[in-house]
Amino acid sequence: MQILIWGRYGNYGPDYPRNRVIESILRAQGHGISRFLPRLSWLADWEYSLRGGSMPDLIWVPCFRQRDLAAAARYARRHKIPLVFDPLISAYDKRVNERQKFAASSTKAKRLLAWESGLFQQADWLIADTIGHADYFVETFGVSRERVVVVPVGAEEAIFTPQPWPAKAHDAPLELTFFGTFIGLQGVDVLAQAILQYEGPPVRWRLIGEGPMRAECESVLAHLRVEAPGAGVSFEPWGPLHELPGRLASSDAILGIFGGSAKAQRVIPNKVYQGLAIGRPVITASTDAYPDVLRVSEANGLFWALPGEALSIVQAVMRLHQYRESLGDIGVAARAVYEQCFSNEVLAKQIALLLSTIKK
């Protein structure tokens, strides 16, 4: 198929991990991919026509680009072209539930809900990254469940490859690494409280990244901060993405997200996929976003905490300590979980199934 990626991308760009993974899978399946980055979202259908754009077999609007959907839908309807939208998140959910910019009962919230509901109805197919988001799209926006396809976010497998297990002294501190944008959704404030409460065997807590809650976390954990390797807390800046797996290789486990919001219950963040992909256990909040099969045993690489509860993070770390001698094997199991549930091969099968349905 000739697939047109239609969207301005906003601040995220075509190189946002989700977009790169999806496009790489489509190319690997033999589809022709072209991009249209309109100057004005609302007039984009006219712009594409005036530019003499070629007629695709399918239009795909990438994540976060609700503003591009209306014009893409108009063009698709005029030319009877199937339209797929991969929102990844809901604008309504982000502004009302996550950031709480205005109450759900407010006029602004109701208008935003109506606007996004109308948009979602215009796509022939909606992509959701988790079952939780698929259910949310159906229940909140009235989208037909038959039109929603779940495609996990996955990881960029050329970058996030299994990392050698670190050689460490038997009594070396357990190294636990968080990396992210320090936003409320990630529950980094809950993690900071867990670090304060922790009184178990030595741990080196590494927090990598930048974001609005970093200064608060640095302040709360200032007395535990260390610069040299050893037990305590260290804060590190972001760096190039391709260097991240190497920076994580010394970790004994990756720290996921711990927020207690409704949205946090519906997402599986990049860091979980990436941590499993490099072959490291992951400690993260237990939510319905994850397949039930992953809850059978923590020996498969996922150690569960309760959303929004610092003490449960402490308890998960203590359980991880009990596996200290077999963490290398658990890392292998973590990679196996990634391959079974979240790999690009799994994503490709879901996308292939969707495209075969569209062709009929």
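1. Is arginine 20 buried, partly exposed or exposed? In this predicted model, arginine 20 counts as partly exposed, because its relative accessibility is 25%, a value that falls between the limits of under 20% for buried and over 50% for exposed.

2. Arginine 20 forms a salt bridge with glutamate 156, and the closest N and O atoms of the two residues are 2.3 Å apart. Since arginine 20 belongs to helix 1 (residues 17-28) while glutamate 156 sits in the loop between strand 6 (148-150) and strand 7, the pair ties together parts that are 136 residues apart in sequence. Glutamate 156, for its part, is buried, with a relative accessible area of 11%.

3. As to the overall form, the protein contains 13 helices and twelve strands, and its C-alpha atoms fill a box of roughly 65 × 45 × 35 Å along the principal axes. The radius of gyration is 21 Å, which agrees with the value near 21 Å that a compact globule of 360 residues would have. Of the 360 residues, 55% are buried.

4. The structure holds 22 salt bridges, and two further pairs may be set beside the one already described. Aspartate 292 forms a salt bridge with arginine 295, with 3.7 Å between the closest N and O atoms; aspartate 292 counts as exposed at 62% relative accessibility, whereas arginine 295 counts as partly exposed at 27%. Lysine 349 forms a salt bridge with glutamate 345, where the closest N and O atoms are 4.0 Å apart. Both of these residues lie in helix 13 (residues 344-359), four residues apart, or about one turn of the helix, and both are exposed. Elsewhere, salt bridges that share partners join Glu175, Arg206, Glu236 and Arg247 into one network.

5. A positive surface patch deserves a separate point: Arg67, Arg95, Arg99 and Lys101 form this patch. One of its members, arginine 95, is found in helix 4 (residues 91-98) and counts as partly exposed, because its relative accessibility is 31%, and the cut-off for patch residues is over 30% relative accessible area.

6. Phenylalanine 182 is placed in the loop between strand 7 (174-180) and helix 7 (188-197), and despite this loop position phenylalanine 182 counts as buried, at 0% relative accessibility. The C-alpha atom of phenylalanine 182 is separated by 38 Å from that of proline 82, a residue 100 positions away along the chain.

Notes: Residues are numbered from 1 along each chain as its sequence is written. This is a predicted model: local features need pLDDT of at least 70, side-chain atom pairs count only at pLDDT 80 or more; totals for chains, interfaces and linings use all residues. Side-chain values use heavy atoms; hydrogens and water are left out. Patches are made of residues with over 30% relative accessible area and no salt bridge: like charges are joined within 9 Å, nonpolar side chains (Val, Leu, Ile, Met, Phe, Trp, Tyr) within 5 Å. Accessible areas come from the Shrake-Rupley method with a 1.4 Å probe; for residues, only the protein chains shown count as cover. A salt bridge is a side-chain nitrogen of Lys or Arg within 4 Å of a carboxyl oxygen of Asp or Glu. Lys and Arg count as positive and Asp and Glu as negative; His and the chain ends are not counted. The place of a charge is taken as NZ of Lys, CZ of Arg, CG of Asp or CD of Glu. Helices (H or I, at least four residues) and strands (E, at least two) are DSSP runs, numbered from the N terminus. Buried means under 20% relative accessible area, exposed over 50%, partly exposed in between (1.4 Å probe, protein chains only). The radius of gyration is taken over C-alpha atoms; the globule rule is 2.2 Å times the number of residues to the power 0.38.
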